[in-house]
Amino acid sequence: MRLISSILLAFPLTINAQQQKPLGESLQSWFNKAKSYIPSAATSPIASAAAKTAAANVVSLTNSNWESILSPSSSDPAHGVETWMVFFSGGNKTCYGRCGRAEKAWNESVALLAADPSSPQLAYVNCDKQPVLCATWSTPVPTVWHIQLPVPGKDQSRPATTIHIVSLNTTTVTPKKVTEIHSAKKYQTLPVYEGALHPFDGWLARYKLSKPLGYVMFTFANIPSWAFMIVISMVSRQMM
């Protein structure tokens, strides 16, 4: 009974407090509530259209198809070098939710790149969905890989594949900056990527060890730290 009486006594006080609430605060509260009912997608039709354009003009790479897609389409020397721009991105797992601006800039840059007479071919990798591929290439996100695939020689020898890796700033990247990687040849300001992990010319790739290493790196990356501590503890006890 005392509880019910307390609630009944407090109720008029609550109503009185609401009546004394400033008009500005009431309007702001009503506006925030109304805004919550508006779908967020409806406020960004440009971003939605850009995403659809990108989906129609960009090839999705996976761990099973990238080698067949990123290969010269012709053996004729007159065909020349084939250029690709591969955008590596991710979600909460691999980019910690910071790739949204880069995704938007990439999607909007697709139409701009298509207008370039020397437009490169475009590809996309989501490292949340293709973790082994990203581990095999050992790539950070978000980045754009500018790749120039050479035509095999008459003796079927394969010249070096030229790669430049362009990191994207998650807070300042714009569609113009992404477009200028190719159109303004911004990639040339960066060193050519070389080394054992080169996906085409590295010694791991030559000996078909890139993919096995990718699986190993992916497995180790997903082992919790406490498991390593247990193993280290057990080994140290055995040594003692």
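Let's start with Thr179, which sits in helix α7; helices here are DSSP runs of H or I with at least four residues, strands are E runs of at least two, and both are numbered from the N terminus. Is Thr179 buried or exposed? Thr179 is buried, at a relative accessible area of 10%. Buried means under 20% relative accessible area, exposed means over 50%, and partly exposed is in between, with a 1.4 Å probe and protein chains only. Setting aside neighbours within four places in sequence, Thr179 is in contact with Ser109, Leu112 and Leu113, where contact means heavy atoms within 4.5 Å.

Before I go on, a word on what we're looking at. This is a predicted model, so local features need pLDDT of at least 70 and side-chain atom pairs count only at pLDDT 80 or more, while totals for chains, interfaces and linings use all residues. Residues are numbered from 1 along each chain as its sequence is written, and side-chain values use heavy atoms, with hydrogens and water left out.

Okay, the overall picture. The protein chain has 10 helices and 5 strands. Of its 240 residues, 31% are buried. If you take the contacts with a separation of 6 or more, 72% of them are between residues 24 or more positions apart.

Now the sheet. In what order do the strands sit? The 5 strands form an open sheet in the order β1-β3-β2-β4-β5, with mixed pairing. Two strands pair, by the way, if DSSP finds at least two bridges between them. At the edges are β1 and β5 (162-167), each pairing on one side only. And here helix α7 comes back: this helix, residues 175-183, packs on the sheet and touches β2, β4 and β5. Its direction makes about 150° with that of β2; the axes are lines fitted to C-alpha atoms, for helices over the stretch in contact, and angles run from 0 to 180 degrees between N-to-C directions.

Let's stay with β3 for a minute. Strand β1, residues 59-60, pairs with β3 in the parallel sense over 2 bridges. On the other pairing, β2 and β3 are also parallel, over 6 bridges. Which residue of β3 is the bridge partner of Val59? That's Ala123, and Ala123 is the bridge partner of Val86 too. As for burial, 5 of the 6 residues of β3 are buried, so this strand is largely enclosed by the rest of the structure. There's also a helix in this story: β2, helix α5 (residues 100-114) and β3 make a right-handed β-α-β unit. Right-handed means that, with the strands pointing away from the viewer, the path from the first strand over the helix to the second runs clockwise.

On to the inside. A nonpolar core is a set of buried Ala, Val, Leu, Ile, Met, Phe, Trp, Tyr and Cys residues joined through side-chain atoms within 4.5 Å. The largest one here has 21 residues, and those with the most contacts inside it are Leu70, Val86, Phe88, Trp137 and Ile147. The elements giving two or more residues to this core are β2 (82-89), β3 (121-126), α6 (131-137) and β4 (143-149). There's a second, separate core of 17 residues, including Val58, Ala105, Leu122 and Val144. Looking at Val86 again, and leaving aside neighbours within four places in sequence, its contacts include Leu61, Leu70, Val125 and Ile147.

Last topic: the rings. Rings of Phe, Tyr and Trp (its six-membered ring) pair if their centres lie within 6.5 Å; planes under 30 degrees apart count as stacked, over 60 as edge-to-face and the rest as tilted. By that rule there are 9 aromatic pairs. One of them is Phe87 with Tyr124, a tilted pair at 5.9 Å centre to centre and 40° between the planes. Phe87 is in strand β2 and Tyr124 in strand β3, so this pair ties together parts that are 37 residues apart in sequence. Phe87 is buried at 0% relative accessible area, and Tyr124 is buried at 18%. Then there's Phe88 with Trp145: centres 5.6 Å apart, planes at 55°, so tilted as well. What does that pair tie together? Phe88 lies in strand β2 and Trp145 in strand β4, so the parts it joins are 57 residues apart in sequence. And to finish, ring pairs link Trp66, Phe88, Trp137, Trp145, Tyr193 and Phe200 into a cluster.
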